[in-house]
Amino acid sequence: MPHPRAQSAAIAVTAVAAVGMLAGCGHSGASAVTTLTDARNVSVISPNGSTVPGVPGLRLRRGDVVQTSADGSAILSTSGRTAYLGGTGAYTVVNGVSGVLQRGAFVADARRGPQLRVQVGPFAVRTDQSAVRIERTFAIRVGALSGRPLSITSTDRGLTVAALHQVVIAGRVLPTRTTPLVLTNDDAERRVVPDLVFDDKQLTDAAASLNQGTEGRTIVAAGQRAGLQVRISTAALQTTTPVVTTPVSEAALPVAIARAAVGDAAAVPAFRKVYDEAAQARADGGSWGVVARLAGTDATATSKAIEALLGIGGLVGPGAGPAGGTTANGNPQPGTSPAPQPGNTGNGNGSGGGNPGPSPSPTPSPSPSPSGGVVAPVQDVVDALLGILPTPRTGGPSSPPANRCKVLGLLNC
């Protein structure tokens with residue numbers, strides 16, 4: 001019986017040959033060199049079956065297979081493009097613009113450097129000036145984290161995946177539609193889209209807080225008074241205990257997100273439209289940070305909207321209070337009131353870029369509201385929901401984790 005490593009090498013050679021014929025060697029960037037810039041419990045198998053330990057600084061040749069153990073990880077750099085391979089992963093370097101993911105989780109940031117074409121089973125994922133997450137286990141998941149849309153092709157059809165969206169492929173047939181992105185919030189995503197992960201953490205904490213006491217139900221009631229078709233049962237609004245099946249936050253937080261997105265000058269129909277879109281994106285599985293970005297806002301503006309909803313009670317129109325606006329390209333501009341933009345769903349560009357500094361410290365979990373339905377003072381409620389949101393650091397060089405934690409979150413940092 002052939003040795004497992006020999007089998008892996010044989011598979012890699014076959015994959016390299018197949019992808020090489022499709023991608024070609026004359027493509028711009030194909031000659032770029034790929035180097036291991038970080039490695040933990042990594043082995044590199046050459047096309048002839050020989051194996052060497054993967055160490056930082058190792059130049060990878062065409063046909064080399066990068067394998068990680070269950071607690072391993074690898075970072076690959078190619079002329080400004082950075083890719084992260086998680087534990088129990090196997091990735092074949094075809095050339096500077098092509099590779100094959102045999103198994104595991106793979107995050108590629110191709111917003112800089114050459115484009116990349118990754119073969120995943122019968123599907124080819126092409127990314128150019130965008131960041132992508134690809135997972136290959138029992139199913140295949142492809143998500144666009146940021147930048148330009150991705151393209152996925154099979155032998156008979158193709159699909160475009162816009163930023164902040166994903167597709168899950170359970171068999172050999174490519175689906176016809178995408179869904180909002182589900183974040184993993186691991187170290188690779190924190191490096192690639194730090195602002196998005198930061199927002200998701202803050203909004204997830206806010207959702208948990210809204211489920212604790214009466215504040216979430218107060219926001220839902222305000223939305224209902226504005227004529228929103230709030231997606232939550234009456235029983236869930238009447239109880240003082242969290243509802244496991246349908247938490248109050250699933251309706252309350254989209255109300256706050258819509259309020260933040262439309263600002264204080266938009267008409268009620270625009271508010272209703274954005275709420276419906278946000279609630280649907282959440283129902284389709286989108287992470288809270290993704291839902292907010294698709295609506296054209298962020299955690300900071302949403303926290304101001306929560307303050308307006310609880311402190312003033314208004315939703316839209318004069319006197320509703322500031323909730324933060326958006327810049328011309330759809331990015332949040334806290335503390336401003338944008339012109340009315342009915343139906344604005346943001347630019348879908350995601351966030352992040354460069355190598356961020358250390359991840360911000362998590363906001364302490366707030367305490368539940370007092371028993372008996374007593375509402376705490378407004379400022380206390382707001383502080384407990386989202387706290388004082390620090391500005392994420394972006395753009396500067398990042399410091400490697402002190403304990404060299406796994407880049408894809410299978411080990412806690």
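Strand S10 (residues 130-136) is mostly covered, with five of its seven residues buried. The model is predicted.

**Strand pairing**

S10 has a partner in strand S7 (residues 98-109). The two pair in the antiparallel sense over six bridges. S10 also pairs with strand S11 (residues 140-147). Here seven bridges join the strands, which again run antiparallel. S10 and S11 form a hairpin, with three residues between them.

One bridge pair is listed below for each of these pairings.

| Pairing | Bridges | Sense | Bridge pair |
|---|---|---|---|
| S7 with S10 | six bridges | antiparallel | Ala105 and Glu135 |

Is Thr92 buried or exposed? Thr92 counts as buried because its relative accessibility is 0%, and the cut-off for buried is under 20%. Thr92 lies in strand S6 (residues 90-95). Its side chain makes a polar contact with the side chain of Gln102, at 2.8 Å.

Thr160 belongs to strand S13 (residues 158-161). Thr160 has a relative accessible area of 53% and is therefore exposed; the cut-off for exposed is over 50%. Which residues does Thr160 contact, leaving aside its neighbours within four places in sequence? They are Pro149, Leu150 and Thr178. Thr176 sits 16 residues from Thr160 along the chain, and the C-alpha atoms of the two are separated by 9.6 Å.

**Helix crossing**

Two packed helices are described by the angle between their axes and the distance between the axes. Helix H4 (residues 215-225) and helix H9 (residues 299-311) have axes that come within 10 Å. These axes cross at roughly 80°. H4 is therefore roughly perpendicular to H9, as angles of 65 to 115 degrees count as such.

Which residues make the contact? H4 contributes Glu215, Thr218 and Ile219. H9 contributes Ile306, Leu309 and Leu310. By class, the contact of H4 with H9 has four nonpolar residues, one polar and one charged.

Technical notes
Residues are numbered from 1 along each chain as its sequence is written. This is a predicted model: local features need pLDDT of at least 70, side-chain atom pairs count only at pLDDT 80 or more; totals for chains, interfaces and linings use all residues. Side-chain values use heavy atoms; hydrogens and water are left out. Axes are lines fitted to C-alpha atoms, for helices over the stretch in contact, and angles run from 0 to 180 degrees between N-to-C directions. Helices (H or I, at least four residues) and strands (E, at least two) are DSSP runs, numbered from the N terminus. Angles under 35 degrees count as roughly parallel, over 145 as roughly antiparallel, 65 to 115 as roughly perpendicular and the rest as oblique. Contact means heavy atoms within 4.5 Å. Ala, Val, Leu, Ile, Met, Phe, Trp, Tyr, Cys and Pro count as nonpolar, Asp, Glu, Lys and Arg as charged, and the others, Gly among them, as polar. Buried means under 20% relative accessible area, exposed over 50%, partly exposed in between (1.4 Å probe, protein chains only). Two strands pair if DSSP finds at least two bridges between them. A polar contact is a pair of N or O atoms within 3.5 Å; within protein, one must be able to donate a hydrogen and the other to accept it, and residues adjacent in sequence count only if both atoms are side-chain atoms.
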